[in-house]
Structures are given as C-alpha cells and as structure tokens.
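Subject: Structure for you to look at

Hello,

Here is the structure I promised to pass on. Please open it alongside this message; my notes follow below.

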Amino acid sequence: MKKLTIYIYFIAALNFSCQSSKEPDLPIIMIDTFGQEIPDEPKISAQMAIIYNGSENVTEYSDSSYYYKGYIGIETRGHTSQRFPKKQYGLETRNADGDNLSVSLFGMPEEKDWILYAPFSDKSLMRNVIAYDIYRSMGYYAPRTKFCQLLINGDYVGVYVFMEKIKKDVGRVEISSPTTENFSGGYLLELDGFTRVDSTDIYILTEKKKQVYTIKFPKKKDITGDHIDWIKNYLDQFESTLFSDLFNDPVKGYYHYIDSPSWIDYMLINEAFRNFDAFQSSTYFYKKKDGKLFAGPVWDFNIAMGNTNYDNSNFTEGWLMDERYLPSRLLKDSVFTNEYKKRWKALRENQLALPKIISLIDDY
C-alpha cells in the first residue's frame, strides 16, 4: 500500500490558499462570570449571550438582537492545555433556577453539555474541525463544530471552536444503558494514561498490557461494581486474545470482540493525518448492547498533521499505526491488512482525496 502523507498538503494549502474577500460571519459569544474567576472545577454560574446573523450575513459587535441568551455553568478543561494562556472551557446550558437546560445551538441537536475549544497549539485553528468533518463524511459520528469569537467579561480572548462534547445521547454516541439482566452494553470508554486520570474518574487497568481505560458511560452515580467487572473482563479477554498465538484464529480470534470496519476507518484517519495521540490518549471506544467494541468517535487532532517537534512525530515518511498498542497487532493479520489496504484506496479517491481536503481548508 503506497503511503501518501496528507498533512504535507495541509501545510502547503495553509500557506498558499487564496484568501476570501467575504466578510467574516463568525458568531460572537459573550460570557459574563459576574467577576468570578473560571476554575478547573466545579463549574461556576455565568451568563452567555450569542450574536449571530447566520452564515450568509455579517455579524457585528454592535448588533442588538441575540441569537441566544441564557445562563450557563462553566469551568476550564483539558490536561496539557490547562497551562496554555488561551484556556479551554466546558459549559452546560442552564435555566434561571440553575437546572440543566438542553438547547439547540448552530443547528446542532438539543443538548446541555458543550465545549469551547481553544486551538492554541494549532495555529491554523482548524485541524480538529477538518478531521471531524471528514470522519462524519465517512459515515460516523464526530462532534459538530462552529468557529466563533469569544469575549469573557468584555475582553476578547480569540477565535474558538464551539463544539459538542463526546457523550452518550441521541445524536451523539447512541448507546443504551446496561441493565441488571444484560451487562453487555452500552459503554463509552477512553483509552488514556495514568497521568491523565484523576480522583473523579472510574477507570480499568487491563491485566496483560496494563492499559488504562476511563469509563465515560455509565456515569459514576449510575455504574455498579457488576458493570465495571463485566466491561473489564471483556477488555481483558480481547487483549489476551489479540496478543496470543491464536489471535487471528477464525473461531477463537479477536474478530469476536471488535467491529473491524470501524477500527479500520478509525486507524486510517489517524494514520492519514498522523495523529500522534492516537491509541495513546484521547482514544474513544464504545460498545452497544450485545454488540462488539467500536472504535471512535475521533477526538483531539491538535498535534496531528506535523504539528509537533518531538519523538519523530512530525516525520512525513513511515507509518504510525504499526507502532501503536492494538493497531500494531491487528496489522499482523493478513485478513485485516487486506481490508485495510482496500479501504485506504477507496478513501483516497473520496473522503481523503487531496482536492476534498484542500477545499475544506480553503472554505475555512
């Protein structure tokens, strides 16, 4: 399979793309914390007002009508990004009494949990947005996004990305809750490292490879010891099988544990954009009731596409997935690899074709 690293063209397109003469139509989001500092946690009460006249109209700071105005809870979020001068924020929309309030913003399905992503380390501002767009075009869910301008307590703090938080819900990760009669699903998991786990997290440490999986759903207040034991046992069996001599056995192999097409697509988009975090952190999986383990949704491409300067992660040659936990083993199976090659060729002619990617960059 011929390797063509796409992020070279990403950088080139950023450098040479024509600038549009269209006036900016970015929504203006204004947050008033009533003089409070925004902490890491818990969320503080604040107000949020949005000025937005639609994608076909110019939005001005002087506009007197609001696209949306209401109460929110807000906190800073992230791990490494907590040290950046441009902070990320997690927020939930609320009513006047402080109760959670699901709303639809920028055409996204109704929800209460949102993120104001600050692309500080990504000076192009668009790596996450483009990766999520392409992943959705491949037929999967990825957080919907909207570029915006953000003001906090009257101070302009930059261009942000208003986006959905990955969570279990209709229109996001659509899984049901496990029951006492059926523990098989649903579960939402994030592969992470010990340095990113805190006291509020529920996590699993696998037996064979000592990998950390944080349980994002069910929530802490709803999960039971039986739920944790069931999904830990499932991950242990998958990992033990994958790293055994019979890993690709048609009867006893790993095929029984994962949804291979979703894993192929997830690996390929991370390979195409050389996402250095993939299968090390910020890597999501979910399992539906009576189903196999799906890979995704995609998340956190801010240091993808050559946006690093360590560990050879900005190289434009060679492969990344064959060095990673889980993918490195899957790629030793000829059946999986053959499907991987075929899918790569199909994606390169469609969703991962260079004209498609460059068009997205030009548009943004």
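pLDDT is the predictor's confidence in each residue, on a scale from 0 to 100. It matters here because the model is a predicted one. The mean pLDDT of the protein is 91, and 93% of its residues reach 70 or more. Residues 12-22 are a stretch to read with that scale in hand: pLDDT stays under 50 there, and the model has 7 contacts for them beyond four places in sequence.

Overall

The protein has 7 helices and 12 strands. Its radius of gyration is 21 Å, close to the 21 Å that the globule rule gives for 364 residues, so the protein is as compact as a globular protein of that length. Along the principal axes, the C-alpha atoms fill a box of roughly 65 × 50 × 30 Å. Of the 364 residues, 52% are buried. Among contacts with a separation of 6 or more, 65% are between residues 24 or more positions apart.

Strand β1 (residues 28-32) pairs with two strands described here. With β6 (residues 145-152) the pairing is parallel, over 4 bridges. In that pair I29 stands opposite L150, and I31 stands opposite I152. With β2 (residues 44-51) the pairing is antiparallel, over 5 bridges, and I28 stands opposite I51.

β6 is mostly covered, with 6 of its 8 residues buried. It also pairs with β7 (residues 155-164), in the antiparallel sense and over 8 bridges. One of the bridge partners is Y160 in β7, which goes with C148. β6 and β7 form a hairpin with 2 residues between them, and N153 in the turn has a positive phi of about 50°.

The five-stranded sheet

An open sheet of 5 strands has the order β9-β10-β8-β11-β12, and its pairing is antiparallel. β9 (203-205) and β12 (293-295) stand at the edges with a single partner strand each, so one side of each has no neighbour in the sheet. From one strand to the next, the twist averages 30°.

Within this sheet, β8 (residues 187-192) and β10 (residues 212-217) run antiparallel and are joined by 5 bridges. L188 stands opposite F217 in β10. Helix α4 (residues 260-272) lies across β11 (283-287) and β12, running at about 20° to β12.

Nonpolar cores

Which residues touch the most other members of the largest nonpolar core? They are W263, F273 and L326, in a core of 75 residues. The largest share of this core, 7 residues, comes from α4. Leaving aside residues up to four places away in sequence, L326 touches L191, Y213, F238, L242, F243, W263, F279 and F285. Another core lies apart from the largest one; it has 25 residues, among them I29, I38, W114 and L150.

D245 sits in the loop between α3 (225-242) and α4. Is D245 buried or exposed? Its relative accessibility is 77%, and the cut-off for exposed is over 50%, so D245 counts as exposed. D245 and L330 are 85 residues apart in sequence, yet 13 Å apart in space from C-alpha to C-alpha.

Regards

Definitions and conventions: Residues are numbered from 1 along each chain as its sequence is written. This is a predicted model: local features need pLDDT of at least 70, side-chain atom pairs count only at pLDDT 80 or more; totals for chains, interfaces and linings use all residues. Side-chain values use heavy atoms; hydrogens and water are left out. Two strands pair if DSSP finds at least two bridges between them. Axes are lines fitted to C-alpha atoms, for helices over the stretch in contact, and angles run from 0 to 180 degrees between N-to-C directions. Contact means heavy atoms within 4.5 Å. Buried means under 20% relative accessible area, exposed over 50%, partly exposed in between (1.4 Å probe, protein chains only). A nonpolar core is a set of buried Ala, Val, Leu, Ile, Met, Phe, Trp, Tyr and Cys residues joined through side-chain atoms within 4.5 Å. The radius of gyration is taken over C-alpha atoms; the globule rule is 2.2 Å times the number of residues to the power 0.38.
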